[in-house]
Amino acid sequence: LPRVHGSGMFMRGDTQVLSIVTLGSPGDVQLLDSMEEEGKKRYMHHYSDAPYTYGEAGFMRGPSRRAIGHGALAERALMPVLPSEEDFPYTIIVSSQVLGSNGSSSMASTCGSTISLMAAGVPIAKPVAGIAMGLASDENGNWKVLTDLQDVEDGPGGMDFKITGTKDGITAVQMDTKTLGLTWDIVEEAVTKSGIARAHILESMASVIAEPRADLSEHAPRIVTIKIDPEKIRDVIGPGGKVINKIIEDTGVQMDIEQDGRVMITSSDAEGMAEAVKIVENIVKEVEAGEVYDGEVVRIEDFGAFVNILPGKDGLVHVSEIAWARTDKPSDALKMGQKVKVKVKEIDNLGRVNLSIKALLPKP
């Protein structure tokens, strides 16, 4: 699809699934707050089917328990190969739209998710594919394992044994059976044959896209991560979030800050991104003697003028450092809001910044 961040179509027999990837900022994570678990979820898979998928007419309501279960299985299948948050800080949502189904649409969703994630440039460790293994058996102990189960074969005396994995191993399994149990011989043959089938599917997928694309879609947002001293986090946030909210308002970016000092800036606008990065770097920058800044006069006293050189950082230009000629009052030479070029003369033992204007002027 031309506009989305990544997409892929997987077709196997009469089953076909279109998977679509959307990448978001770290702040787009799903917050988990239930009796069972708490935390954040940065990878989500949504499985969507409809009555027409199965050649039927019916009500179009929210997802059924079956659809939620199928989505959870395909989601779990990809989780072991996803990049870490440090390496790829995006929130990832995959939506699998089932366009037609004749069995094993959850496995088609797994394969479609792999293709779409690689198309989106998500650096997954290895491609993942899945296959549903079936069973035909009778009461006399006769049985046969079926590879690639279809709906018509999923009946009494059967099983639906879904197995997903990479070329090297299994990532997820789900099984239901219409028998009184399975022998280990059946399980062993099902797992072995699923590995052969999985390798065949992965080979077919690799002929279309073998590895994640090197670059993200031009439509996807970009994230820049800046590592700052955790002690400086409060300076970036500001009292009541005043500083960070102003950065977001002025540049149009999204910002997320972690306790370890990672500041993640998300934007689709390169200019706004660069401006936000510059502001954050200036906020956390340590001023050193000898540096030159373009500042603004923010306060004038009888003994000198205070000049803002960085966000939240002012320095004093003493009356004797304004000009080489004698200056009786700072207000005679400087005005509020005036832009001036200053040089950092020294940082005293109390951390106060002493500035000089005359140090940058020709000495008479």
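**Close-up 1. R66 and its contacts in the predicted model.** In this predicted model, R66 touches Y47, D49, Y54 and S105, leaving aside residues up to four places away in sequence. R66 itself belongs to helix α1. Is R66 buried or exposed, or something in between? With a relative accessibility of 36%, R66 falls into the partly exposed class, because that class covers whatever lies between the under 20% of buried and the over 50% of exposed residues. As for Y47, 19 residues separate this tyrosine from R66 along the sequence, and their C-alpha atoms sit 9.6 Å apart in space.

**Close-up 2. Where helix α1 meets helix α2.** Here we look at α1 (residues 65-78) and α2 (residues 105-119), whose axes come within 9 Å and cross at roughly 45 degrees. The crossing of α1 past α2 is right-handed. On the α1 side, the residues that make the contact are R66, H70, L73, A74, A77 and L78. Facing them from α2 are S105, S106, M107, S109, T110, S113, T114 and L117. Sorted by type, the residues of this contact come out as six nonpolar, seven polar and one charged.

**Close-up 3. The four-stranded open sheet.** Which order do the strands take? They run β1-β2-β6-β5, with mixed pairing in an open sheet. At the edges are β1 (6-12) and β5 (43-48), each of which pairs on one side only. Ignoring direction, neighbouring strands in this sheet are turned against each other by 15 degrees on average.

**Close-up 4. Zooming in on β2 and β6.** How many bridges join these two strands? There are nine of them between β2 (residues 15-24) and β6 (residues 91-100), and the pair runs antiparallel. As a reminder, strands of a sheet pair through backbone hydrogen bonds, either parallel or antiparallel.

**Close-up 5. T327, a buried loop residue.** This view moves to the loop between β16 (313-318) and α7 (330-333), where T327 lies. T327 counts as buried because its relative accessibility is 16%, and the cut-off for buried is under 20%. Which residues does T327 touch? Once residues up to four places away in sequence are set aside, T327 is in contact with V319, I322 and A333.

Note on methods: Residues are numbered from 1 along each chain as its sequence is written. This is a predicted model: local features need pLDDT of at least 70, side-chain atom pairs count only at pLDDT 80 or more; totals for chains, interfaces and linings use all residues. Side-chain values use heavy atoms; hydrogens and water are left out. Two strands pair if DSSP finds at least two bridges between them. Axes are lines fitted to C-alpha atoms, for helices over the stretch in contact, and angles run from 0 to 180 degrees between N-to-C directions. Buried means under 20% relative accessible area, exposed over 50%, partly exposed in between (1.4 Å probe, protein chains only). Contact means heavy atoms within 4.5 Å. A crossing is left-handed if the near helix is turned anticlockwise from the far one by less than a right angle, and right-handed if clockwise. Ala, Val, Leu, Ile, Met, Phe, Trp, Tyr, Cys and Pro count as nonpolar, Asp, Glu, Lys and Arg as charged, and the others, Gly among them, as polar.
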